[in-house]
Amino acid sequence: MRTSQKSGIWLVYAAALCAMLFWGCSYVWSTIVFEYWNPVIVIFFRSLFSSALLFLMLRLLGKSAKIEKKDRKRIFILAMFNPALYFLFESFGLLHSSPTISAGIVALIPVFISIMAFFVLNERLWGWNIAGIVLSFSGVWMMLINKEMAFEAKWYGIVFLFLAVASAVCYSAFIRRLSLKYNPFVIVAWQNLIGALLFLPFFLLFGVKQLATTPITTELVASFLLLLIFASALAFPFHTFVISRIGVSRASIFSNLIPVITAIVSFFMLKEPFSVYKITGILVVVGGVFLSQIGRIKLNNR
């Protein structure tokens with residue numbers, strides 16, 4: 001019995017690490033794809049193709065993709081927050097900042113979940129949680145400012161990224177109950193399909209013409225397929241599976257790895273320069289997010 005439990009928790013950790021690896025790389029893949037296509041094209045096809053892939057996978061495995069009528073509204077709300085609003089805000093934020101800065105700000109999602117839980121769910125914040133929250137925001141500030149004390153990203157890009165964080169926090173408030181009831185692949189398949197339908201009018205208005213005139217290159221196809229298969233079709237179900245097993249608080253702690261992975265991949269693939277401020281900022285954000293989650297992780301372990 002203990003062996004089974006240990007193998008089960010290692011499977012959860014493996015799924016969490018894979019999801020973070022895929023999401024960490026996704027900022028680099030998205031940056032490459034945005035050199036060819038606007039965010040509307042990317043979000044539409046990313047949602048549509050990943051949904052089709054997941055439904056096909058469920059079909060081949062003989063799994064039901066049915067959602068009960070009483071849960072359809074909740075699934076629609078999920079899709080509104082993610083992929084619709086989250087991807088929209090994150091994409092436009094990434095367009096006006098670097099992959100590393102984007103990943104660093106998105107890594108604040110667990111911090112904002114803690115703040116939301118304090119005000120909405122009356123969860124207690126301990127001294128180290130508050131210190132972690134302050135430290136996290138200090139780290140983001142260090143990432144945004146260079147040695148001349150000037151912003152390294154456009155202010156509206158930062159606003160878009162924080163709106164993406166807000167969307168993710170709202171998404172986390174709805175996903176927990178559904179993750180206990182449905183297969184993670186079913187949830188993500190439906191929310192991505194709904195997201196694609198929501199973006200269809202915008203794709204027809206702003207995407208078709210650019211899609212027809214943009215040359216298709218190996219770099220574009222490779223980056224988009226990696227984004228589609230790993231960051232959309234696999235990472236979200238993996239993360240939903242992790243949430244269903246260990247809860248939102250403990251699952252969110254793994255997001256500390258995302259900016260580190262993004263920084264490393266950006267350095268090698270995009271030759272993104274790194275200042276002492278940016279590297280220190282990443283480490284401070286990671287440490288701050290960890291501190292902000294300590295009490296909540298202990299609470300969920302009881």
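Helix α2 (residues 39-60) has 22 residues and reaches 31 Å from its first C-alpha to its last, close to the 32 Å expected at 1.5 Å a residue. The expected span is 1.5 Å times one less than the number of residues in the helix. Helices here are DSSP runs of H or I with at least four residues, strands are runs of E with at least two, and both are numbered from the N terminus. The model is a predicted one, in which local features need pLDDT of at least 70 and side-chain atom pairs count only at pLDDT 80 or more, while totals for chains, interfaces and linings use all residues. Residues are numbered from 1 along each chain as its sequence is written, and side-chain values use heavy atoms, with hydrogens and water left out.

After α2 comes Gly62, with a positive phi near 75°.

Ser51 also belongs to α2. Its relative accessibility is 2%, so Ser51 counts as buried. Buried means under 20% relative accessible area, exposed over 50%, and partly exposed in between, with a 1.4 Å probe and protein chains only. The side chain of Ser51 reaches the backbone oxygen of Ala189 at 2.9 Å. Apart from neighbours within four places in sequence, Ser51 is in contact with Ala189, Asn192 and Leu193; contact means heavy atoms within 4.5 Å.

**Helix α8**

Helix α8 (residues 184-206) has 23 residues and should span 33 Å at 1.5 Å a residue, which agrees with the 32 Å between its end C-alpha atoms. At the start of α8, a side-chain oxygen of Asn183 comes to within 2.7 Å of the backbone nitrogen of Phe185. Further along, α8 has a kink of about 40° at Phe199, shortly before the proline Pro201. The bend at a residue is the angle between axes fitted to the seven residues ending there and the seven starting there.

**Helix packing**

Two packed pairs are listed below. Axes are lines fitted to C-alpha atoms, for helices over the stretch in contact, and angles run from 0 to 180 degrees between N-to-C directions.

| Helix pair | Angle | Axis separation |
|---|---|---|
| α3 (residues 72-95) and α8 | about 65° | 8 Å |
| α4 (residues 99-106) and α7 (residues 155-179) | about 35° | 9 Å |

The crossing of α3 and α8 is right-handed, and the crossing of α4 and α7 is right-handed. A crossing is right-handed if the near helix is turned clockwise from the far one by less than a right angle, and left-handed if anticlockwise. Residues of α3 that meet α8 include Ile75, Phe76, Asn82, Pro83 and Leu88, and their partners in α8 include Trp190, Asn192, Leu198 and Phe199. Pro83 lies within α3, and the peptide bond from Asn82 to Pro83 is cis, with omega near 25°. In the other pair, Ile101, Ser102, Ile105 and Val106 of α4 meet Ile158, Leu161, Phe162 and Val165 of α7. An α-helix has 3.6 residues a turn, so residues three or four places apart point the same way.

**Individual residues**

Ser30 is in helix α1 (residues 2-33) and counts as buried because its relative accessibility is 7%. Leaving out residues up to four places away in sequence, Ser30 touches Arg46, Leu94 and Leu227.

Leu211, in helix α9 (residues 208-213), counts as partly exposed at 26% relative accessibility. The C-alpha atoms of Leu211 and Tyr36 are separated by 8.8 Å, although the two residues are 175 apart along the chain.

Lys271 sits in the loop between α11 (257-269) and α12 (276-301). Its phi is near 55°, a positive value in a residue other than glycine. Lys271 counts as exposed, at 63% relative accessibility.

**The chain as a whole**

The protein chain has 12 helices and zero strands. Of its 302 residues, 52% are buried. Among contacts between residues at least 6 apart in sequence, 90% join residues at least 24 apart.

Technical notes:
A polar contact is a pair of N or O atoms within 3.5 Å; within protein, one must be able to donate a hydrogen and the other to accept it, and residues adjacent in sequence count only if both atoms are side-chain atoms.
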